[in-house]
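Dear colleague,

Please find below the structure that I am handing over to you. My notes on what was found in it follow directly after.

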Amino acid sequence: MKKLVEKHPLAIRWFHWVNFPVLALMIWSGLWIYWANDIYRLGWGNTTLYKFFPQSFYDATHLDHKLAQGMAWHFLLMWVFFINGLLYVLYTLFSGEWRYLLPNRHSFREAIEVTLHDLGLRQAAPLVQKYNGAQRLAYTAVILMGLGSLLTGLAIYKPTQFGWLTQGLGGYEAARVEHFVLTIGYVLFFIVHVAQVGRAGWNNFRSMVAGFEIEDVPAGAASPRLAPREPEPKA
Amino acid sequence: MALEPTSNPEKPIPPHVSPDGENLTLPPGSALDREATRRTRRSFIGLGLAGVAGVLGWRYLLSRPDADGTPAPFRRVLDANGRLSAAYFRETRLAPEFAKSQGVREVRTNGDAGLNSEIDLAAWRLKVRPYAKDITYAEHDRTREFTLADIKALPRIEMTTQLKCIEGWSIVVNWAGARFVDFLAKYPLATLSGQPIKDVANPPADLAPYVSLVTPDEEYYVGLDMHSAIHPQTLLCYEINGQPLSLEHGAPLRLVTPLKYGIKHLKRIGTIAFADQRPADYWAEQGYDWDAGH
């Protein structure tokens, strides 16, 4: 029996869609800042596999010579990023949504099953409870990355007043590298996320905007909400 | 339509295979289909309007009048961040110091604003305008002059700290010079009453809130908050690696403070003055944060 099942609460949809442009602008203004000392590369010794960033990237994006503007944007939007992220975490804690989001004891095995299934190497799709194990791991990791960006950012921003933090992260130079690596992590997350949303299709995408998902609900389980418990261990 | 989520205590949906990819077409024209369409349309219009509002709001912020190289709202946020930093600031927090051997041999130079005019090092004097409410009086009648020997007569402080450029690079440098606070303890020019600073944690109530430093040719100028200026790691520096400053590093006397980005480390100090308002700052006029503090 088909039903409209409530999937994403309104608050979470707002946090998600506010974060998307804010994080995008944080990354963009971060690139304006990074350009002024663009020394990172993948490689060893005199071998460079990839330089962050090649001249062609700057030519295409025009993000050179905007250090002051980048800092002005970055130090305004950091507040929006921080407050939105904090409200999201508090909401998930108090609403109980964290039960769907935090990895549980099945998540690692499930994440492998999901990956194999998505790669076409495993026939059976794993059972999910709003999110599958791979999603739980990814959505929890990206929140921890957000916390990491705030802390490494603070360590670079006020390295004397928060000297304990800067030193704890390995020093000023190390904190800057960590801040950059986390940013690369968001980009990789974004690529996989958008690809998966595309694969999952319209019903799933619509649920992040409209909140509901159409499901073929088994008889006797008609309440349009998802069980908040952990999945039962399979025999 | 009785399609709102019902509150009867039915059994929730157990773990199940994701519905993605299933044929979930609702019977066309059914109540459920109309409900789904209504909610979808309403939500996407809402998201679209929010997106448009966000774009327009951001464009509005960017279109505000310029305030020293950045739109006024951004300047206000930079200044608010600076006030927050000032409230959190403690003079007891020190920047990490390194072993002298960790300092770089060749110190990178960056920027020569204020250094392009002729200078006769023997004739150089540090000019200091005492803090006064009557600026013209102070400017014309009470400006004090000091030789490099006067600065070197103060306790020599050597420290190896990290210089952080606002561009994003940093180097560890061995500096030597006199603490600015020691200078003010001996020459109490930063208070209205002329009393010296005895305790950095409890400075006199009539201490000037700001310090201005300007090169002799007035081409480069920075402003500092007094708390940073009297921090024990803020030096009137005259040596790098035990050698007198070279001209490109700011001979004969420059500012060094690990509490600020390198842009505040003014080279070749000409005049120091004290002020009630934030003094002019070369880079802050070009869109950068006035505080630029660490």
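With which side chain does the side chain of A:Lys7 make a polar contact of 3.3 Å? In this predicted model, the partner is the side chain of A:Glu213. A second polar contact, of 3.1 Å, joins the side chain of A:Lys7 to that of A:Asn204. A:Lys7 itself sits in the loop between β1 (2–6) and α1 (10–35) of chain A. Its relative accessible area is 9%, and because that value is under 20%, A:Lys7 counts as buried. Apart from neighbours within four places in sequence, the residues in contact with A:Lys7 are A:Lys130, A:Asn204, A:Ser207, A:Gly211, A:Phe212 and A:Glu213.

Chain A as a whole

Chain A has 9 helices and 5 strands, which follow one another from the N terminus in the order β-α-β-β-α-α-α-α-β-α-α-α-α-β. The C-alpha trace of chain A spans about 60 × 40 × 35 Å along its principal axes. Of the 235 residues in chain A, 47% are buried. Among the contacts in chain A between residues at least 6 apart in sequence, 70% join residues at least 24 apart.

The interface of chain B and chain A

At the interface, 60 residues of chain B are in contact with 63 residues of chain A. The two chains bury about 5300 Å² between them, with 64% of that area on carbon and sulfur atoms. The rule finds 13 residue pairs in polar contact across this interface, both residues being at pLDDT 80 or more. On the side of chain B that touches chain A, at least two residues each are supplied by β1 (16–17), α1 (31–63), α2 (72–88) and β4 (157–164) of chain B. The largest share, 11 residues, comes from α1(B). By type, the residues on this side of chain B are 31 nonpolar, 18 polar and 11 charged.

The two chains also meet through strands: β4 of chain A (residues 127–128) pairs with β1(B) in the antiparallel sense, over 2 bridges. There, A:Leu127 has B:Val17 as its bridge partner.

Salt bridges

Side chains of opposite charge can pair when their charged atoms come close. Over all chains, 17 salt bridges are found in the structure, and 2 of these lie across the interface of chain B and chain A.

The side chains of B:Arg39 and A:Glu6 meet in a salt bridge at 2.8 Å, N to O. Helix α1 of chain B holds B:Arg39 and strand β1 of chain A holds A:Glu6, so the pair joins two chains. B:Arg39 counts as buried, at 11% relative accessibility, whereas A:Glu6 is partly exposed, at 27%.

A:Arg109 and A:Glu113 form a salt bridge at 3.0 Å, N to O. Both residues lie in helix α5 (residues 107–118) of chain A, 4 residues apart, which is about one turn of the helix. A:Arg109 is partly exposed, with a relative accessible area of 39%, while A:Glu113 is buried, at 11%.

Through shared partners, salt bridges join A:Lys158, B:Asp225, B:Lys260 and B:Asp291 into one network.

With kind regards

Methods:
Residues numbered from 1 in each chain as written. Chains lettered and ligands numbered in written order. Heavy atoms only, no water. Contact = heavy atoms within 4.5 Å. Buried area = accessible area lost by both parts, 1.4 Å probe. Salt bridge = Lys/Arg side-chain N within 4 Å of Asp/Glu carboxyl O. Polar contact = N/O pair within 3.5 Å; in protein donor to acceptor, adjacent residues only side chain to side chain. Nonpolar A, V, L, I, M, F, W, Y, C, P; charged D, E, K, R; others polar. Pairing = 2+ DSSP bridges. Buried < 20%, exposed > 50% of the residue type's maximum accessible area, 1.4 Å probe, protein only.
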